[in-house]
Each structure stands twice: as C-alpha cells, then as structure tokens.
Amino acid sequence: MYSGDHASAPPVTLDTLRRMKAAGEKIVSLTAYDASFAAQMDAAGVEWVLVGDSLGMVIEGHDSTLPVTLETMLHHTRAVARGLRRGFLVADLPFGTCNTPEQAMHSAVRLMQEAGARMIKLEGGALQRELVAHLTARGVPVCAHIGLQPQFVHKLGGYKVQGRSAAAAAAMREEAVALVAAGADMLLLECVPTTLAAEITASVPVPVIGIGAGAAVDGQVLVLYDILGISLGKRPRFSKDFLAGRGSIADALHAYARAVKQGEFPAAEHSF
Ligand code: KIV
C-alpha cells in the first residue's frame with residue numbers, strides 16, 4: 001500500500017523487486033536525467049529509476065534516441081546517482097554500444113563502475129540472448145527491453161504497437177521466455193497489447209515493467225517529462241499528465257506513485 005513516507009525506507013535492490021512481484025505489489029518507475037529530480041523521486045517512493053536513452057529526445061531535442069552516446073549516458077547516470085539514495089538505478093545501453101558481448105560488457109562496466117548504475121537495460125529482443133548470457137554471467141544485472149524498441153525505429157518505420165497479430169504475439173511470448181532463460185533479471189515491455197503483456201508477465205519469474213502495456217504487468221514506467229505535461233510534441237496515449245490540477249512537481253510524483261500502487265494507472269484509455 002502507498003504510504004507516502006519513504007524518507008527512511010531501505011535502498012531498493014533486485015531482491016526487493018522480485019519480492020514485490022511475488023507479493024503482487026506494483027513497482028513504481030520513472031525516467032530520470034538529473035540529481036534534483038532523482039531526489040524528488042526518492043521522496044515520492046519511485047522504486048526503479050531509469051536513465052533512459054529517451055534523454056536524446058526529451059533533453060537533447062533529437063527526433064529519435066539514436067544519437068545518444070555512451071558518454072552522454074555516463075554523464076546523466078552520474079548526475080542521477082548523486083541525487084538518488086533509495087531507488088534502484090538502471091541505465092540504458094545506447095544505440096551501437098552493444099554490438100558484441102565484449103563491447104556490451106565494456107559499456108556496462110563503465111555505466112556501473114564510473115556512474116553507479118545497478119542494472120543495464122538493452123534493446124534487441126531475442127537476438128540479444130548471447131549478450132544477456134555474457135553480461136549476467138559476469139555480474140551485470142540486465143533488463144531486456146522488448147515490444148516497441150525505439151532504437152529500431154527506422155527498421156520498424158515508426159513508433160507502433162507491437163505484437164498485435166497472433167504470429168507476432170507468439171514470437172514475443174517466446175522471446176520473453178528465451179531472454180529470461182538466458183539470464184535476464186527483468187523485462188520491459190513497451191507498447192504491447194494488454195492481454196499479451198499479461199500473458200508474458202504470468203509466464204516469467206522475473207519482474208516485468210510496462211509502458212503502454214496495460215495494468216497487468218508488475219510495474220509501470222513513464223517518461224518523466226510526459227507526466228509533467230511538458231512532452232515535446234504530442235503526449236503519447238499511454239502516458240498521463242499528473243501535474244495538471246496539482247500545485248507542485250512533488251505532488252505530481254506522489255500522485256503518479258499512488259496511482260500505480262493502487263492499480264488506478266494505467267486505465268483502459270492508456271492501454272492497447
Ligand atoms: O529510454 C527510455 O526512457 C525508455 C523508456 C521509454 C522505458 O526506454
């Protein structure tokens with residue numbers, strides 16, 4: 001249950017997140033890019049804090065995440081780490097930084113050793129099984145991002161819901177199981193139909209975080225600037241402006257955390 005008092009809570013670990021899945025307690029997550037917001041997130045009880053390569057779009061103003069470099073990820077992850085005391089800090093491997101197991105390990109080690117990340121998130125789906133096995137066998141916790149993968153936008157021809165056909169849904173179910181078998185510690189599902197996301201969540205033992213994946217996943221993540229109503233362009237359907245009608249950013253973050261914990265967000269209108 002959401003109490004709103006997180007100042008003295010112990011740091012969140014992967015074990016905490018696993019226990020939350022087992023207990024059916026929703027995991028609250030947001031993206032963060034700097035120390036001040038990271039501290040606000042701790043105060044609001046955000047448990048999984050992602051330095052997403054979405055920073056290429058919302059911070060740097062690019063039209064995709066592809067221009068984001070490892071140096072930029074290191075810079076923002078360090079900043080978030082300085083502001084964060086309790087949340088579990090996750091960093092994205094940006095485009096082109098995990099083409100081989102060795103390169104992925106090098107990038108992940110830098111994000112963990114130099115910037116304080118506790119987990120790495122990577123796109124690429126089933127093709128990344130080898131990378132996932134390589135990283136996790138060497139002590140790097142991995143979240144495998146499936147469904148819509150923004151680093152593949154030019155292959156996909158746009159940002160579209162994934163897994164709509166029976167064949168695509170079956171492939172995604174297999175992909176999820178294969179990535180977990182390879183060692184993935186968590187999954188992130190982006191823009192996936194609610195029923196498919198629910199099936200995947202029930203079929204794997206690891207926590208599953210969703211964005212545009214309905215309410216039956218183990219936790220929710222959104223891009224910080226979307227929930228503050230300052231998206232560049234149109235706010236995505238799966239997001240919600242939690243600052244609207246509230247007096248402060250702290251209130252908006254608490255309202256988001258409460259809505260996720262109590263299963264009020266996402267509603268059907270935010271899902272596919
Ligand atoms: O980069 C990012 O912020 C992400 C979220 C959309 C989950 O991957």
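## Pockets and helix packing in a predicted model

The lining of the largest pocket comprises 17 nonpolar, 8 polar and 9 charged residues; here Ala, Val, Leu, Ile, Met, Phe, Trp, Tyr, Cys and Pro count as nonpolar, Asp, Glu, Lys and Arg as charged, and the others, Gly among them, as polar. The structure is a predicted model, in which local features need pLDDT of at least 70 and side-chain atom pairs count only at pLDDT 80 or more, while totals for chains, interfaces and linings use all residues. Residues are numbered from 1 along each chain as its sequence is written, and side-chain values use heavy atoms, with hydrogens and water left out.

A pocket is an open set of points on a 1 Å grid over the protein atoms alone, where a 1.4 Å probe fits, with protein on both sides within 12 Å along at least five of seven lines; lining residues have an atom within 4 Å of a point. The volume is the space filled by probe spheres set on the points.

| Pocket | Volume | Residues nearest the centre |
|---|---|---|
| Largest | About 700 Å³ | Met57, Glu190, Val223, Pro236, Phe238 |

In total, 34 residues line the largest pocket. Helix H3 (55–58) and strands S4 (119–123), S6 (186–190) and S8 (219–222) are the elements that each give two or more residues to this lining; helices (H or I, at least four residues) and strands (E, at least two) are DSSP runs, numbered from the N terminus.

Two helix pairs may now be described. The axes of H2 (residues 35–44) and H11 (residues 249–261) lie 9 Å apart, at an angle of about 50°; axes are lines fitted to C-alpha atoms over the stretch in contact, and angles run from 0 to 180 degrees between N-to-C directions. Phe37, Gln40, Met41, Ala43 and Ala44 of H2 make the contact (heavy atoms within 4.5 Å) with Ile249, Ala250, Leu253, His254 and Ala257 of H11. This contact has 8 nonpolar, 2 polar and no charged residues.

For H4 (residues 70–83) and H5 (residues 101–113), the axes come within 9 Å and cross at roughly 20°, which means that H4 is roughly parallel to H5.

Key. Parallel < 35°, antiparallel > 145°, perpendicular 65-115°, else oblique.
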